[in-house]
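Could you walk me through this structure as I click around in my viewer?

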Amino acid sequence: MTSLLEIAGIGKTYRARERTVEVLTAIDLTVSEGEFVALVGPSGCGKTTLLKIVAGLLPATVGQVRFGGRPVTEPPPGLGVVFQEYGRSLYAWKTVRQNVELQLRHLDLSRARRRELVADALDAVGLGAAGDAYPWQLSGGMQQRVAIARAVAYRPRLLLMDEPFSAVDAQTRADLEDLVATLWKRYGMTIVFVTHDIDEAVYLSQRVVVLGAGVSGVQADIPVDLDADREQIGTRSSARFGELRTRVWTQVRRTPESEMV
Amino acid sequence: MKALGYALGLPAALVAAWWVASDGSTNVFLPPLRTIVEAFRDVWFSDTFVRDVVPSLWRLAAGYAIALAAGVVLGFVIGRWAAPRALTGPLLAYFRVLPAPVLIPVLLVAVGIGDTTKLVVITVGAVWPILLNTADGVRAADEVGLQCAAAYRLPRRTRHLLVLRGASPQIFAGARQALGLSIILMVVSEMLMSTDGLGFTVVQFQRSFAIPQMWSGVLLIGLLGFGLAKLFELVERRALRWHRGHTGQLTERP
Ligand SMILES: Nc1ncnc2c1ncn2[C@@H]1O[C@H](COP(=O)(O)OP(=O)(O)O)[C@@H](O)[C@H]1O
Ligand SMILES: [Mg+2]
């Protein structure tokens with residue numbers, strides 16, 4: 001497998017007046033094409049910061065990110081994002097369909113192809129009939145589906161997801177996890193999935209990367225050797241799942257300023 | 001139907017009371033409503049309409065439109081970028097409290113008595129609420145929405161439009177205040193420096209002791225303001241339906 005994303009020696013220091021906060025130090029991480037990587041760590045350890053640097057939305061203080069071989073200095077083509085705040089990432093004055101279509105309008109696509117991509121993406125997330133609704137007419141889980149459809153319609157090579165399901169209830173969350181797993185296989189995207197939920201990280205990913213607060217570098221990089229076909233109850237109750245989650249737990253707990261529960 | 005009854009009930013009762021109480025009034029300054037209505041018909045359903053109402057409406061429309069365009073553009077620039085905001089901060093603080101009518105004597109000397117002066121007075125007076133509200137709205141643009149737009153590589157122009165649309169509730173609030181101000185400034189500027197227009201006509205009637213006619217002018221200006229405010233409300237309700245939905249003020253689910 002070729003590497004799609006190379007994060008080399010990334011460090012980030014926020015400077016505000018007299019106060020400076022060193023959030024990330026010497027982060028190295030390589031993600032292969034088609035991989036599903038989960039990024040976990042205590043809150044405040046810099047997961048969101050790292051994701052924004054990868055997306056080209058925030059400059060790193062030191063180090064370099066390469067996406068598809070090119071250094072990232074601004075958001076590169078072929079990148080999709082899904083943030084936790086679904087209510088704020090969609091445009092409330094646009095319908096679901098318009099939200100999903102917006103970024104396609106600036107690509108070199110025929111009208112017919114654009115329509116097809118939008119319809120396919122809405123179907124893929126189970127919102128085929130909701131195209132004319134406005135985001136605020138939908139539940140939180142459905143709004144997050146719209147944000148996912150927006151990413152899918154864009155056919156990204158890399159999808160960055162920042163705690164996408166932290167704000168939805170447990171049942172919806174399980175459904176959305178399975179949706180993401182299905183879409184990952186179906187569209188062959190590479191996914192970097194930030195979560196503070198260790199079970200979610202193990203359940204979804206092929207590899208769990210642990211970031212620590214105030215720790216230099218990546219704290220741990222744990223391959224998840226579960227079956228490719230996973231299922232909420234069966235997978236989560238398997239012995240191997242239990243071992244893996246314990247391993248990840250141990251790593252996260254080793255973080256000095258851990259705030260994780 | 002019931003709502004309409006409530007809305008019209010009190011005004012209708014007051015007009016009726018005015019009609020009855022003033023009927024037979026001999027006070028020259030408070031003529032019977034009947035006389036005022038007759039004067040209204042005689043004065044405004046004539047060529048006075050073309051000579052005085054049309055120029056007033058034109059000035060109002062032009063002054064307001066320029067204020068709207070300038071206020072939104074300047075407000076956008078000031079709200080979006082820190083440098084122009086820092087640069088204009090003290091100036092804005094000064095002008096926002098300066099009452100626009102004090103400009104009238106200044107402009108009278110500088111520009112003269114023509115239409116330009118009145119347009120400048122209306123524009124300069126009405127631009128502030130639009131500018132300040134637009135700047136506030138633009139500045140409060142949602143960071144998450146903007147980051148999505150940047151990540152999906154939307155062109156600069158599209159991102160600017162998203163910011164403006166997101167700020168439209170504030171822009172409308174400013175535009176509503178500005179509309180009221182524009183009407184006041186239109187009338188005041190015509191009273192002080194004009195040879196035609198609604199404000200001019202009312203003052204002329206007053207000076208020539210045509211009291212019922214003067215009252216009819218007051219009535220017309222009131223009706224004009226009311227009509228424009230209602231029209232504005234209609235446009236605003238349509239344009240900001242999404243905002244009421246987004247903020248949970250809309251119960252219907254189409
Ligand atoms: N713009 C900023 N300026 C200063 N400090 C920031 C800024 N953004 C985040 N931080 C700080 O950086 C740390 C990491 O934040 P974040 O990347 O959001 O962590 P996580 O997503 O892992 O919870 C936090 O302590 C936060 O307070
Ligand atoms: Mg975060």
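## Stop one: the largest cavity

By class, the residues lining the largest cavity are 10 nonpolar, no polar and no charged (Ala, Val, Leu, Ile, Met, Phe, Trp, Tyr, Cys and Pro count as nonpolar, Asp, Glu, Lys and Arg as charged, and the others, Gly among them, as polar). Before you click further, note that this is a predicted model, where local features need pLDDT of at least 70, side-chain atom pairs count only at pLDDT 80 or more, and totals for chains, interfaces and linings use all residues. Residues are numbered from 1 along each chain as its sequence is written, chains are lettered from A and ligands numbered from 1 in the order in which they are written, and side-chain values use heavy atoms, with hydrogens and water left out.

Select A:Leu5, A:Ile7, A:Leu29, A:Val31, A:Leu39, A:Leu50, A:Leu51, A:Val54, A:Leu160 and A:Val192 to show the lining. The space they line has a volume of about 50 Å³ (the space filled by probe spheres set on grid points, which are joined across faces, edges and corners). On a 1 Å grid over the protein atoms alone, a cavity is a set of points where a 1.4 Å probe fits but cannot get out, while a pocket is an open set with protein on both sides within 12 Å along at least five of seven lines; lining residues have an atom within 4 Å of a point. Helix 1 of chain A gives the largest share of this lining, three residues (helices, H or I with at least four residues, and strands, E with at least two, are DSSP runs numbered from the N terminus).

## Stop two: where the chains meet

Now show both chains. The area buried between chain A and chain B is about 2400 Å², with 66% of it from carbon and sulfur atoms (buried area is the accessible area, 1.4 Å probe, that two parts lose on being put together, summed over both). On the chain A side, select A:Arg88, A:Trp93 and A:Trp136: they lose the most area to chain B, together 31% of what that side buries.

Is A:Gln103 buried or exposed? A:Gln103 counts as buried because its relative accessibility is 3% (buried means under 20% relative accessible area, exposed over 50%, partly exposed in between, with a 1.4 Å probe and protein chains only). Leaving aside neighbours within four places in sequence, A:Gln103 is in contact with A:Arg150, A:Tyr154, B:Tyr152 and B:Leu154 (contact means heavy atoms within 4.5 Å).

## Stop three: the largest pocket

About 380 Å³ of space lies here. The lining divides into 13 nonpolar, seven polar and two charged residues.

## Last stop: two arginines

Click A:Arg155, whose phi is near 50°, a positive value in a residue other than glycine. Then try B:Arg153, also not a glycine, with a positive phi of about 55°. B:Arg153 sits in the loop between helix 7 and helix 8 of chain B. With a relative accessible area of 36%, B:Arg153 is partly exposed.
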